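Report on the structure shown below, arranged by site.

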Amino acid sequence: MNLLLILAAFCVGITSAAPTLDCSVDAQWCQWKAKHRRRYGTNEEGWRRAVWEKNKKMIELHNQEYSQGKHGFTMAMNAFGDMTNEEFRQVMNGFRNQKHRKGKVFQEPLFLEVPKSVDWREKGLVTPVKNQGQCGSCWAFSATGALEGQMFQKTGRLVSLSEQNLVDCSRPQGNDGCNGGLMDYAFQYVKENGGLDSEESYPYDAMVNGASYRHSSCAIGKRTLP
């Protein structure tokens with residue numbers, strides 16, 4: 001085949017593979033990038049933009065269906081708008097399921113009337129929304145959220161507890177910092193440690209042994225949760 005024909009076919013292939021972008025949302029894309037401080041290389045911006053547009057359309061469709069009564073919640077664009085579902089799960093989901101758990105099975109009391117739903121925010125048991133950053137520490141946030149609510153139930157005090165304390169210190173119980181873990185192991189650490197630090201005394205920085213890691217030993221610190 002003629003060399004010019006080969007080059008022409010190659011260029012056509014590249015053009016057809018390039019994503020088709022919606023120019024009408026250029027301003028929104030620039031605003032989103034500025035808000036979340038995104039900077040891309042020349043070869044990355046196009047497909048990140050395409051992912052963002054796909055997620056944007058999915059959000060708009062969902063909210064349209066919400067207005068028709070098809071869903072019970074709305075959606076909105078956030079800092080993860082340029083990530084695919086696979087990327088999000090890989091980066092953010094550090095949950096490690098435990099197939100065989102020991103313990104008793106909860107038996108629901110007879111004639112118990114349970115409400116269909118409960119908004120724990122209205123009851124004061126929930127701290128403001130937190131951000132785990134680029135760290136697979138969802139397990140730590142799940143654990144602190146549960147403990148914060150139980151602590152409020154017992155003491156009447158709502159204190160934000162330290163995920164970083166768990167990320168840094170619960171490896172002996174089976175967790176692996178930003179590479180994943182399990183809430184059960186986090187609870188075991190709190191039990192063996194005799195408590196958990198507060199967010200204020202041991203702030204989160206989305207890395208293992210990061211800038212906030214200033215304890216000479218993970219067993220030493222201000223234990224907010226006795």
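Predicted model: local features only at pLDDT ≥ 70, side-chain atom pairs only at ≥ 80, totals over all residues.

Apart from neighbours within four places in sequence, Glu148 is in contact with Leu125, Thr127, Lys130, Leu158, Val159, Ser160, Leu161 and Glu163.

Glu148 is also one of the residues lining the second largest pocket. This pocket holds about 180 Å³ of space. Its lining includes a run of residues from Leu125 through Val126, Thr127, Pro128 and Val129 to Lys130. Phe141, Thr144, Gly145, Glu148 and Glu163 are lining residues as well. Helix α5, residues 138-155, supplies the largest share of this lining, with four residues. Sorted by class, the lining has five nonpolar, three polar and three charged residues.

## The largest pocket and Asn55

The largest pocket contains about 230 Å³ of space. Its lining is made up of 13 residues, and those nearest the centre are Asn55, Met58, Asn78, Phe80 and Asn85. Two helices, α3 (45-67) and α4 (85-92), each supply at least two lining residues. Helix α3 gives the most, with three residues. By class, the lining of the largest pocket has eight nonpolar residues, five polar residues and no charged residues.

Asn55, one of the residues nearest the centre of the largest pocket, sits in helix α3. Asn55 counts as buried because its relative accessibility is 14%. Met77 is 22 residues from Asn55 along the chain, and their C-alpha atoms are 8.0 Å apart.

## Helix α2

Which residues of helix α2 are buried? In this helix, residues 26-35, they are Trp29, Trp32 and Lys33. They lie on the same side of α2 because they cover an arc of only 100° around the axis. An α-helix has 3.6 residues a turn, so residues three or four places apart point the same way. The buried residues of α2 pack against α3.

The face turned away from the buried side carries Gln31, Ala34 and Lys35, which are exposed. Cys30 is partly exposed, with a relative accessible area of 45%. After α2 comes Arg37, which has a positive phi near 55°.

## Cysteines

How many disulfides are there? The count comes to one, and the link joins Cys135 to Cys178 with an S to S distance of 2.1 Å. The link of Cys135 and Cys178 is left-handed, with -95° about the S-S bond. Cys135 lies in the loop between α4 and α5, and Cys178 in the loop between α6 (163-169) and α7, so the pair ties together parts that are 43 residues apart in sequence.

Cys135 is buried, at 1% relative accessibility. For a disulfide, the two sulfur atoms have to be within 2.5 Å.

## Positive phi in other residues

Most residues other than glycine have a negative phi. Phe111 is not a glycine, yet its phi is positive, about 65°. Phe111 lies in the loop between α4 and α5, the loop that also holds Cys135. Is Phe111 buried or exposed? Phe111 is exposed, because its relative accessible area is 81%, over the 50% limit.

Ala206 also has a positive phi, near 60°, and is a residue other than glycine. Ala206 is found in the segment after α7 (183-193). Its relative accessibility is 22%, so Ala206 counts as partly exposed.

Methods: Residues numbered from 1 in each chain as written. Heavy atoms only, no water. 1 Å grid on protein atoms, 1.4 Å probe; cavity = no way out; pocket = protein on both sides within 12 Å on 5 of 7 lines; lining within 4 Å. Points joined across faces, edges and corners; volume = space filled by probe spheres on them. Nonpolar A, V, L, I, M, F, W, Y, C, P; charged D, E, K, R; others polar. Buried < 20%, exposed > 50% of the residue type's maximum accessible area, 1.4 Å probe, protein only. Arc of directions from axis to C-beta. Contact = heavy atoms within 4.5 Å.
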